[in-house]
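I opened the notebook to record what I looked up, one topic at a time. The entries begin with the chain that I read before the other.

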Amino acid sequence: MTTLEASLRAVGHPVLMPYVTGGVTENWLDYVHAAVDAGADAVEIGIPFSDPVIDGPVIQAASVQALERGTTPDTVMRDLAAYRGSVPLVVMTYYNLVHRYGHAAFARRLVEAGVSGVVLADLPMEEAAEWTEVADAAGIATVLLAAPSTPDSRLEEVCTRSQGFVYAMGVMGVTGERAVLADSARDIADRVKAVADKPVLVGVGVSTPENAALLSAHADGVIIGAPVMRRIAEGGSVADLVAGFRAALG
Amino acid sequence: MTNTTMGPPSARGFFGRFGGRFVPEPIMPACLELESAFGRAWADRAFRAELDAHLRHYAGRPSPVTECHRLGDLLGVRVLVKREDLNHTGSHKINNVLGQALLARRMGKRRVVAETGAGQHGVATATACALFGLDCVVYMGEVDVARQRLNVFRMELLGATVVPVTSGSRTLKDAVNEALRHWVATVADTHYCIGSVMGPHPYPWMVREFQRVIGEEARAQCADLLDGGIPSHVLACVGGGSNAAGIFAGFADTDAELIGVEAAGGAAIGGDLVGVVHGSKSMLLQDDAGQVLEAYSVSAGLDYPGIGPEHAHLADIGRASYPSVTDAEVLDAVRVVSRTEGLIPALESAHAFAYLLREAGGSIPHGSTVLVNLSGRGDKDMEQISDLLAEHKETQ
């Protein structure tokens, strides 16, 4: 079992994993700390990419803002040296950045930065072998996505190969908030839970604490990205937002 | 890894070390479904016959090969031109979209989404959707919407919804991103009609097969004109590379030198870096961190930082070469070809002629027989060419 999976299993209540785009502002790590202090069980850190095809307008805007500040994989990892939380960190990015950095060097850098898992949005299991060989050796969990469109025949293999947890996409679509919790979110959570032997977290389209609370009956926790990044863009309190989700999730 | 040159890719969609399927999980099942549907359709004689009939009676195929004597005399080489400019909608793009639209219908999809740069693929897609009664949404960069207003109007007249893309560089690259995002959300009833030999497997293979008709016709037409011979050089412009893939496919097994001409501001092969974007591994313009760079070209259709994975492979094994020409050389070529032959090439296609103009008597020796793919006509570019020539005059 990967250390990421062990940490998530040890949480003892529904997992709350907020997402923050690395480098979105100079003091972006403050948002990570605020989230941890407000009850996050893990934090997902985005490394911005120029062509984020699975991200909606809110996270796209954050990515552009971060890139305009000169953010690179190296600056994000450098900033993470100042991370003082104890909850696990998971990096979310796109494969070209890893390919350009070099698999072994990227895995090593993740370990040095204290990251225990990675989500590569455009690296499906069929193309993942070269990366996972290196990541496995470094102890980095490679988390795979399960989507509402993933057929049962494929879902089992996704869940078997996913490490740390299974990232269940709540809706068919890009990251972002939705007015009501989609039926697809409950459905995919149930389908993944039925076959997964590791924690199942639902992300994409989990917009409110009420959504999160409803989902906690179907999955092991939630990932909230766009609500956090919207709050940051609007200059609001990440601590209050995360505390609200924490209270609803128990 | 031992696929014959321009044969089918490997099971995972690789041409040598390029290609594959690097897409988010939600669209992975659709790619697998498409791969299997295309494989079955392409092996089905009835599907091929239906497509052939549409190409013949609707698109106007076969397109002729015209020998350009005046240009040939000027350059000291024999110039044969494959006339994809004469197809319905004005370019080679119709070959691919008729194939994909028929396939979409066969798969039971009733909506089609597409990206477009210059607007040629968007117009062709809107046309095929009108013909087959499919809903059509086209994503087009805001910059390109401005430089190709007439094509936007054509698409709308054909019943398509054109969505201007305001993210990133607001050109073709970002139109692809938006089309992919749209597809992620609508994949159950929507087919993504990619306009070039790019994207995840099976697109690079499928689009090349739908464009192969250019090369197969040209091979037979050249044989007629050359007493059973083949040209010494085959030239085509390359953005993603679909017209080049189509014409190269007809000559891959010959001694003809295959040359794909890139725009100097979007020369992916010239940049010499492997990368992964828009679903496949290929050569890609990118910075040290792996961020994709914006291409700059006078031609909206070549304003793309990547190139189809099979072209990267053909360059890798030395079967084809991919030089580039500058915007100034392209404008000059538009003028020369228009005046000597009465053919006004699209800015994209003019890249192939620009290379010929520069290299005839040099790397293309006198006495060569050169087949140039005139992939599209220049009507769509009149306003822009007129502005550029005026600017050019002012700076002289």
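**Chain A, overall.** I began with contacts, where two residues are in contact if their C-beta atoms, placed from the backbone, lie within 7 Å. In chain A, residues 24 or more positions apart account for 71% of the contacts with a separation of 6 or more. I noted that this is a predicted model, in which local features need pLDDT of at least 70 and side-chain atom pairs count only at pLDDT 80 or more, while totals for chains, interfaces and linings use all residues. Residues are numbered from 1 along each chain as its sequence is written, and chains are lettered from A and ligands numbered from 1 in the order in which they are written.

I looked up burial next: 61% of the 250 residues of chain A count as buried. A residue is buried if 20 or more other C-beta atoms lie within 10 Å of its own, exposed if 12 or fewer, and partly exposed in between, with C-beta atoms placed from the backbone. The C-alpha atoms of chain A fill a box of roughly 40 × 40 × 30 Å along the principal axes.

I found twelve helices and eight strands in chain A. Helices (H or I, at least four residues) and strands (E, at least two) are DSSP runs, numbered from the N terminus.

**Where chain A meets chain B.** The contact takes 32 residues from chain A and 27 residues from chain B. On the side of chain A that touches chain B, helix H5 (95-101) of chain A gives the most, with six residues. I sorted the residues of that side of chain A into 18 nonpolar, eight polar and six charged. Here Ala, Val, Leu, Ile, Met, Phe, Trp, Tyr, Cys and Pro count as nonpolar, Asp, Glu, Lys and Arg as charged, and the others, Gly among them, as polar.

**Parallel sheet, chain B.** I traced an open sheet of four strands in the order S7-S6-S5-S8 of chain B, with parallel pairing. Two strands pair if DSSP finds at least two bridges between them. Strand S7 (161-165) and strand S8 (190-192) of chain B are the edge strands, each pairing on one side only. Five bridges join strand S6 (residues 135-141) of chain B to S7(B), and B:Val138 has B:Val162 as its bridge partner in S7(B).

**Antiparallel sheet, chain B.** Another open sheet of four strands has the order S1-S2-S12-S11 in chain B, with antiparallel pairing. Strands S1 (14-15) and S11 (274-277) of chain B are at its edges with a single partner strand each, so one side of each is left without a neighbour in the sheet. S11(B) pairs with strand S12 (residues 279-283) of chain B over four bridges, and B:Val276 has B:Lys281 as its bridge partner in S12(B).

What does UniProt list for B:Lys93? The unreviewed entry gives "modified residue: N6-(pyridoxal phosphate)lysine". UniProt positions are in the numbering used here, feature names are shortened, and annotations may be inferred rather than shown by experiment. I placed B:Lys93 in helix H4 (residues 93-106) of chain B. B:Lys93 counts as buried because it has 31 C-beta neighbours inside 10 Å. Leaving out residues up to four places away in sequence, B:Lys93 touches B:Gln120, B:His121, B:Ala124 and B:Gly195.
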